[in-house]
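Please read it alongside the model.

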Amino acid sequence: MSNITFDNVKNAFAYKSDKELKQSKFLFSTMGYPLFVPIATRVTPLIMKFGLPIVNNLVRKTIFKQFVGGESLQKTEPVVKSLYKHQVKVILDYGVEGKEGDENFEEATKEFIRVIEYAATQPNIPFISIKVSSFASSKLLKALNEAPRLRSGIHDHEEQEADWEKVEDRMFSICEAAAINGIGVLVDAEESWLQDPVDRLTMEMMEEFNKEKAVVVNTIQLYRHDRLNFLKLSHKIAQSRGFILGVKLVRGAYMDKERARASQLNYPSPIQNTKQDTDADYNAAIEYCIRNIETISCVVASHNEKSNLLAASLIEEKHLPLNNNHVHFSQLYGMSDNITFNLSNAGFSVSKYLPFGPIKDVIPYLMRRAQENSSMSSQSGRELSLIKKEILRRKATAV
Ligand SMILES: Cc1cc2nc3c(=O)[nH]c(=O)nc-3n(C[C@H](O)[C@H](O)[C@H](O)COP(=O)(O)OP(=O)(O)OC[C@H]3O[C@@H](n4cnc5c(N)ncnc54)[C@H](O)[C@@H]3O)c2cc1C
């Protein structure tokens with residue numbers, strides 16, 4: 001096992017002022033109150049619709065500041081610069097979700113291309129991330145996911161076929177801009193009932209753009225019990241067609257929603273039975289990717305210390321350069337700084353996934369972060385104890 005440790009809080013929070021650290025402590029403590037997050041995640045999206053300035057301000061100064069880079073691309077600049085000082089890279093994520101209609105889809109496509117062009121001017125933004133549902137209607141993705149015949153490209157309705165062609169064009173123009181500008185595109189994984197067409201389209205783009213290096217990267221959610229096999233199948237296809245497979249490995253963000261829908265509609269849940277099963281497949285996926293590092297480029301996207309340690313150890317065991325091009329680490333902005341900054345200090349290639357966008361449009365993203373951090377037994381407990389440790393360390397060393 002690697003000697004790297006994730007306990008060094010001085011490294012972890014070097015980029016935060018005392019005031020910022022106290023604000024984070026307040027936020028994580030609040031999110032730990034048992035009823036706070038369940039109530040806040042229901043009420044906040046409704047209140048935000050009315051645009052009450054007082055609530056807007058409260059959200060901006062607390063959860064938005066912790067997890068989002070700014071309301072616009074330009075406003076992310078101070079965060080990007082401060083991460084650069086610590087050799088931490090950035091994955092820019094235009095975090096607007098849930099907007100339907102051709103006009104919004106075209107707007108999102110333009111914004112992704114603008115983000116790529118901006119990333120190309122910065123020294124530490126190697127990737128951007130995209131969601132296909134930002135430029136394809138969820139109704140269309142769901143229909144394509146459900147109809148096996150459609151998967152072979154034979155579409156039932158002319159209208160659907162025309163809509164799908166538009167989606168393909170949008171995806172192509174984003175990936176083409178990325179290839180021209182030397183920026184990678186990470187395609188986020190979404191709910192299982194939308195995912196099939198996303199996978200298919202992403203594989204097509206990889207075949208087009210990943211001949212020399214991984215420009216396009218798909219996301220594999222290992223909380224799904226079929227995804228380790230899917231990773232291996234994708235690799236086989238990539239090898240037979242002569243392109244580099246790009247994969248971002250995640251556990252998966254929609255577990256409760258997935259289980260609830262499966263039970264409501266009475267089909268077998270796509271989610272693993274236990275957390276241990278998810279962990280086992282996640283770690284097996286890391287091992288598979290690093291074992292096949294010549295033909296797979298992977299992003300270890302996780303806040304799990306054991307999984308990050310495993311990937312770091314495998315890189316060391318194989319005597320690969322720590323910052324090699326085919327294994328990159330990433331954590332969400334506002335979470336697990338102890339992993340990010342200790343990895344960067346040790347010389348690994350690591351980034352923060354940094355969303356940006358108007359407050360009202362990033363609310364779904366913020367609500368997911370609040371839910372993820374609401375259980376004191378898990379992530380927020382760990383975050384809070386590390387923040388407290390650093391506050392105490394700073395007090396003890398103050399002169
Ligand atoms: C850079 C980055 C990009 C991301 N991109 C995406 C994306 O595109 N799509 C997406 O869906 N998510 C994405 N995520 C979120 C990710 O899927 C996880 O929700 C989150 O990172 C928590 O998992 P973990 O590996 O950090 O660690 P852990 O805290 O060890 O794992 C928590 C996760 O384990 C799984 N789990 C928990 N309990 C159980 C159980 N009882 N049975 C089975 N499984 C269980 C769930 O997936 C849960 O989120 C991303 C995360 C990062 C860091």
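1. Strand 2 (residues 127-130) is covered on both of its faces: Phe127 and Ser129 are buried on one side, Ile128 and Ile130 on the other. Buried here means under 20% relative accessible area, exposed over 50% and partly exposed in between, with a 1.4 Å probe and protein chains only. In a regular strand, side chains alternate between the two faces of the sheet. Helices (H or I, at least four residues) and strands (E, at least two) are DSSP runs, numbered from the N terminus.

2. This is a predicted model, in which local features need pLDDT of at least 70 and side-chain atom pairs count only at pLDDT 80 or more, while totals for chains, interfaces and linings use all residues. Residues are numbered from 1 along each chain as its sequence is written, and side-chain values use heavy atoms, leaving out hydrogens and water.

3. Strand 2 runs parallel to strand 1 (residues 89-94), and 3 bridges join the two; strands pair if DSSP finds at least two bridges between them. Opposite Phe127 of strand 2 stands Ile91. Between strand 1 and strand 2 the chain passes through helix 6 (residues 102-119), in a right-handed β-α-β crossover. Right-handed means that, with the strands pointing away from the viewer, the path from the first strand over the helix to the second runs clockwise.

4. Strand 3 (residues 184-187) is parallel to strand 2 and joined to it by 4 bridges, with Val185 as the bridge partner of Ile128. Strand 3 is in turn joined by 2 bridges to strand 4 (residues 216-221), again in parallel; there Val185 is partnered by Val216.

5. The 8 strands form a closed barrel in the order 1-2-3-4-5-6-7-8, with parallel pairing. From one strand to the next, the twist averages 30°. Helix 6 packs on the sheet and touches strand 1, strand 2, strand 3 and strand 8 (350-356), its direction making about 170° with that of strand 2. Contact means heavy atoms within 4.5 Å. Axes are lines fitted to C-alpha atoms, for helices over the stretch in contact, and angles run from 0 to 180 degrees between N-to-C directions.

6. Helix 3 (residues 36-50) and helix 4 (residues 53-67) pack at about 125°, with axes 9 Å apart. Helix 3 is therefore oblique to helix 4; angles under 35 degrees count as roughly parallel, over 145 as roughly antiparallel, 65 to 115 as roughly perpendicular and the rest as oblique. Their crossing is left-handed, that is, the near helix is turned anticlockwise from the far one by less than a right angle, whereas clockwise would be right-handed. Thr44, Ile47 and Met48 of helix 3 meet Val55, Asn56 and Val59 of helix 4.

7. Helix 13 (residues 275-291) and helix 14 (residues 305-317) have axes that come within 10 Å and cross at roughly 20°, so helix 13 is roughly parallel to helix 14. This crossing is right-handed. Helix 11 (residues 227-241) packs on helix 13 at about 20°, with the axes 10 Å apart; that crossing is right-handed.

8. Which residues other than glycine have a positive phi? Gln87 has phi near 55° and lies in the loop between helix 5 (77-85) and strand 1. Ser336 has phi near 50° and lies in the loop between strand 7 (327-332) and helix 15 (337-346). Gln87 counts as exposed, at 53% relative accessibility, whereas Ser336 is buried, at 2% relative accessible area.
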